[in-house]
Amino acid sequence: MRRKAWILLLALLLSLAACDAPHHQWTFLAMDTVVSVDLQGGLRGVEALEAVGERMAVLDAQLDRFTAVSEIARINHAAGEAVPISEELRGWLTEIQAFSAASDGALDVTLGKLSDLWDFGAAKPKMPDPSEVQARLQAKRGLEITDKGVRVGADAALDLGAVGKGIACDEIARILQEKGTKRAVVSIGGSILLWGADTFRVGIRTPDGAAGESFATLQLTGGGAQFVSTSGRYERGFDLNGMRYHHILDPQTGAPVQNGLVSVTVIAPTGWQADALSTACFVLGIHKSRALLSNNHAAAVFVDEQQRVFVLGEVSMDITDARFVRTEATP
Ligand code: AMP
Ligand code: MG
């Protein structure tokens, strides 16, 4: 009897080795969005999934400004005083601060109170009072990282909405490495991690199209971890008097960016860079994004209101929807 059990076990192991490692899939909510994980991880796949879930919960407790006890919420509620923070958060904020400066302030993680004023998620959205927008824009917002901790202006609030999902992709890549995962596709809102030696085909969402509809397909080869992030004005926002008021704010005006762009997709060496770049390039527009993208070894696909598609950097892409037309981005 024992011999039979051993033979069965051996057969199972051989079949696992012979065919592709089994798939493990999981979809759940974290970071205020849908997280979907599809991985082929051999015998440690379930372990990897569990670790991803746990890590996402910890990230929410670090970064979500609406969770009262998160590290970010504690900084926001400290009335301008420095708050001691984890080494991890210090590391991310230091990188973000440098990136923000390099983007000429296009990425600005101190706009939380302006986003609150616009209240894009409201059931009955309305235009905010322009004098209030000005007041919140002019308030001392600066982020300071010192030996004592981190502080943000008393009348400002940190909001890592533009980078958190990318940071999460980086953290998940670390877990997949540790667990020996062979292949994985992870999506967190508009941020995607592709893991493994395969060629991946990833759709770029049709702006204003149905969920799951894409106008183009990216081919990504290279192995290891690859990161793609999209920022779109179709995401959170409202339409009023023929204008689209959406969640990506121009730090110069405190109002939603109105530059004719509808989405920006970035491929970058790390998740946080892809995420930070997609937001920053949306704010900067095509021409001002050139240097920032190349300094970050990244490439981008811009889509404008006329369904013109502009590419900066090396991108392998097929446009699958004839309404969208590839157009040269003149310097
Ligand atoms: P994303 O979808 O990655 O482009 O991030 C957009 C989110 O980042 C918004 O929903 C806001 O929470 C926040 N945000 C809006 N404008 C900016 C900006 N100029 N810089 C940094 N964060 C921003
Ligand atoms: Mg972003």
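The model you are looking at is predicted. A second pair to find is H2 and H4, which are roughly perpendicular to each other.

**Helices H7 and H8**

- To locate the pair, look for H7 at residues 164-178 and H8 at residues 271-295.
- Their axes lie 6 Å apart and the helices pack at an angle of about 165°.
- On the H7 side, the contact is made by Gly164, Lys165, Gly166, Ile167, Cys169 and Asp170, and on the H8 side by Gly271, Trp272 and Asp275.
- Sorted by class, the contact of H7 with H8 has 3 nonpolar, 3 polar and 3 charged residues.

**Helices H2 and H4**

- Here you will want residues 45-63 for H2 and residues 87-102 for H4.
- The axes of H2 and H4 come within 11 Å and cross at roughly 70°.
- Angles of 65 to 115 degrees count as roughly perpendicular, so H2 and H4 fall under that heading.
- The crossing of H2 and H4 is right-handed.
- Where the helices meet, H2 brings Arg55, Leu59, Gln62 and Leu63, while H4 brings Glu88, Leu89 and Trp92.
- By class, the contact of H2 with H4 has 4 nonpolar, 1 polar and 2 charged residues.

Methods:
Residues are numbered from 1 along each chain as its sequence is written. Chains are lettered from A and ligands numbered from 1 in the order in which they are written. This is a predicted model: local features need pLDDT of at least 70, side-chain atom pairs count only at pLDDT 80 or more; totals for chains, interfaces and linings use all residues. Side-chain values use heavy atoms; hydrogens and water are left out. Axes are lines fitted to C-alpha atoms, for helices over the stretch in contact, and angles run from 0 to 180 degrees between N-to-C directions. Helices (H or I, at least four residues) and strands (E, at least two) are DSSP runs, numbered from the N terminus. Angles under 35 degrees count as roughly parallel, over 145 as roughly antiparallel, 65 to 115 as roughly perpendicular and the rest as oblique. A crossing is left-handed if the near helix is turned anticlockwise from the far one by less than a right angle, and right-handed if clockwise. Contact means heavy atoms within 4.5 Å. Ala, Val, Leu, Ile, Met, Phe, Trp, Tyr, Cys and Pro count as nonpolar, Asp, Glu, Lys and Arg as charged, and the others, Gly among them, as polar.
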